[in-house]
Amino acid sequence: MDIREELQLVARAQAGDKEAFALLWDALTPKLYGYLVNQLRHKDLAEDICQETWLKAAGHLHTFKNKGVRFSAWIFAIARNECRQHWRGGNKEVMVDMTTEDFADSIHSTPSTDYLLVESTLAKLSAEEKEIIELRYIADLSFKEIASILEISMVAARVRIHRALSHARMAIK
Amino acid sequence: MLLKGPLDKQFKNWGKHKQTLPTASAEMKERILQHIKTPVGSVAVVKPYRLVWGTLSGVLAVLVLFVGANLLKQKNLATTNQQNMYLDCAGGEICSSDFAVENYEAGSAAAPMAATSVSLKADAEVSPSAKLALQDVGADRAINAMGTTANMVEGTEISVSDTREFLKYTYQANIKTRKVAEISNRLQTIVRGYGGRVDIISVWEKSGYITFVIPKASLEGFKNETKGLVNARFFTENIQAQNLLPEKISKENSIDAAIVGVDSYVGELKMLTEQHVQSIASLEKKRNAVSANIYKLSREVSTSSIRQEQIKKEIAGLNNAKASWQRQINAEHEQYAASKSYLDERIAMAKSQLESSKQQDVALQEAVETVRGSIQISWVSRVDIFKAYVPFYWILVVLVVCSVVLLINYFSRRRAINIESKN
């Protein structure tokens with residue numbers, strides 16, 4: 001979905017068009033849920049936070065203003081804040097290491113060798129590097145959107161992603 | 001173990017694998033959709049900022065492009081209108097004929113000489129009339145000089161070492177104003193104020209035309225004062241200058257040729273007079289000798305009738321000889337008078353030609369010191385005035401139209417569909 005289509009759906013949703021909002025849900029939820037699962041390492045928790053994120057988005061939809069950032073970036077920013085609030089609430093210990101088979105419960109087939117290798121590589125990266133890679137490759141956000149979510153400059157976002165990939169490359173070797 | 005392919009691609013594939021829906025996705029979706037409310041009142045519409053910025057960027061690009069083109073066009077026009085063009089008069093034909101026509105129209109004594117000069121230049125050889133006029137042994141040098149003059153004027157370049165300039169200026173201006181009559185009157189005053197002369201005045205309600213001549217020394221002051229009559233946007237001027245050096249050289253050569261002619265004829269007359277004096281002296285000497293013999297014989301007294309008869313016959317013969325010598329003397333006088341008359345006439349003509357050449361030279365100098373000018377005055381409408389101050393006004397119109405379209409689009413999107421709350 002390109003930005004124009006997204007903005008049109010948002011505009012219709014803001015006007016009360018539920019069908020438009022449903023389309024937004026269909027387009028963004030796989031990315032959002034996948035990101036949350038990877039962040040929280042807990043499927044049920046990820047579902048809860050995903051629901052909370054969408055509820056907040058629906059409740060504050062009228063406050064969204066397109067100022068160069070997509071609706072998807074806004075959603076992910078809400079989700080990220082929800083995760084922080086959850087962790088601030090001292091719930092980190094709820095996290096359980098999920099197995100590779102749990103991650104394989106996706107719309108795709110059995111994870112490939114590359115997939116497993118990436119997973120193991122990411123485990124060697126820092127939390128910040130993992131998050132930025134998840135935002136880039138799971139949420140499929142642009143550098144500008146990642147920068148707005150993380151509240152950094154676009155150049156800094158590029159640099160961080162580049163460094164994360166460099167570390168991943170070194171970890172693979 | 002290495003990843004297959006570039007790392008970025010692998011992570012993308014990994015990311016796609018990670019995208020998944022929750023287990024109870026449908027129920028979650030329904031619950032969330034129930035929270036979608038139709039807000040009461042107007043809703044802030046998401047503006048297609050990309051479209052707005054794209055349109056504004058396009059409009060700005062058009063503005064810069066056409067402003068730049070207009071500025072460049074105005075700059076080129078200004079350079080062309082105010083450029084002083086120096087026409088090379090080395091070929092000489094055009095400016096020669098113009099100058100000859102001016103002199104002929106002035107009604108000066110140089111008119112026939114000017115015509116002669118033009119014919120010389122056209123034919124590149126001495127005309128029959130000129131040849132006849134200079135037809136004498138001593139006038140060869142003058143003919144050669146005239147031939148040289150023709151060669152120099154037609155087709156031959158002036159020597160680069162001759163850097164003299166005899167620039168004849170021509171001034172032309174266009175004025176746009178809403179006060180045609182007033183500006184026309186002021187221009188006439190300006191011309192006369194700078195010591196000039198107005199030749200042609202034509203003034204109508206919405207146009208005027210003035211031709212004039214002013215001294216060359218007053219040109220700068222005249223230009224500045226004329227420019228100050230109206231705003232620079234409504235004033236254009238064109239100044240041309242022609243170097244009349246070939247004409248000047250032609251006149252100088254004509255003067256030299258005329259001087260040579262006069263000197264030649266005067267020399268001939270002197271020689272003729274000397275020869276005549278010698279001839280007369282010789283003839284008179286012979287006649288006087290005969291007269292002396294006659295006297296001597298007539299004084300002889302003889303009683304002899306035979307001798308007296310001889311004396312009579314000798315005196316008769318001597319009288320015949322004396323009469324013959326007298327006739328020769330008379331003939332010599334007549335011939336001298338005729339030749340002298342002819343040479344006097346030729347001298348007079350040569351002096352007249354010299355005087356004419358000098359007058360033509362003076363006329364050339366005066367022509368150089370005189371600027372001929374013309375000014376066209378046109379009435380300008382208010383719309384043309386606006387266009388002159390805002391040359392790219394149509395771009396403003398385009399901007400206004402674009403702005404109106406954008407505003408209409410914006411406000412139409414902002415118009416809220418009031419849906420009453422079902423609850």
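## Strands in chain B

Let's start with chain B of this predicted model, where strand β3 (residues 197-203) and strand β4 (residues 207-215) pair through six bridges in the antiparallel sense. Strands here are DSSP runs of E with at least two residues, helices are runs of H or I with at least four, and both are numbered from the N terminus; two strands pair if DSSP finds at least two bridges between them. Three residues sit between β3(B) and β4(B), and the two strands form a hairpin. B:I201 has B:I210 as its bridge partner in β4(B).

β4(B) is also joined to strand β6 (residues 370-379) of chain B, by nine bridges, and these two run antiparallel. There, B:S207 has B:S378 in β6(B) as its bridge partner.

## A helix in chain A

Over in chain A, helix α4 (residues 71-88) has 18 residues and reaches 26 Å from first C-alpha to last, close to the 26 Å expected at 1.5 Å a residue (that is, 1.5 Å times one less than the number of residues).

Its buried residues (under 20% relative accessible area, 1.4 Å probe, protein chains only) include A:F71, A:W74, A:R80 and A:H86. What do the buried residues of α4(A) pack against? They pack against α1 (3-14), α2 (18-40), α3 (43-59), α7 (127-137) and α8 (143-150) of chain A, with contact meaning heavy atoms within 4.5 Å.

## How to read this

Residues are numbered from 1 along each chain as its sequence is written, and chains are lettered from A and ligands numbered from 1 in the order written. In this predicted model local features need pLDDT of at least 70, side-chain atom pairs count only at pLDDT 80 or more, and totals for chains, interfaces and linings use all residues, while side-chain values use heavy atoms, leaving out hydrogens and water.

Notes. Buried < 20%, exposed > 50% of the residue type's maximum accessible area, 1.4 Å probe, protein only.
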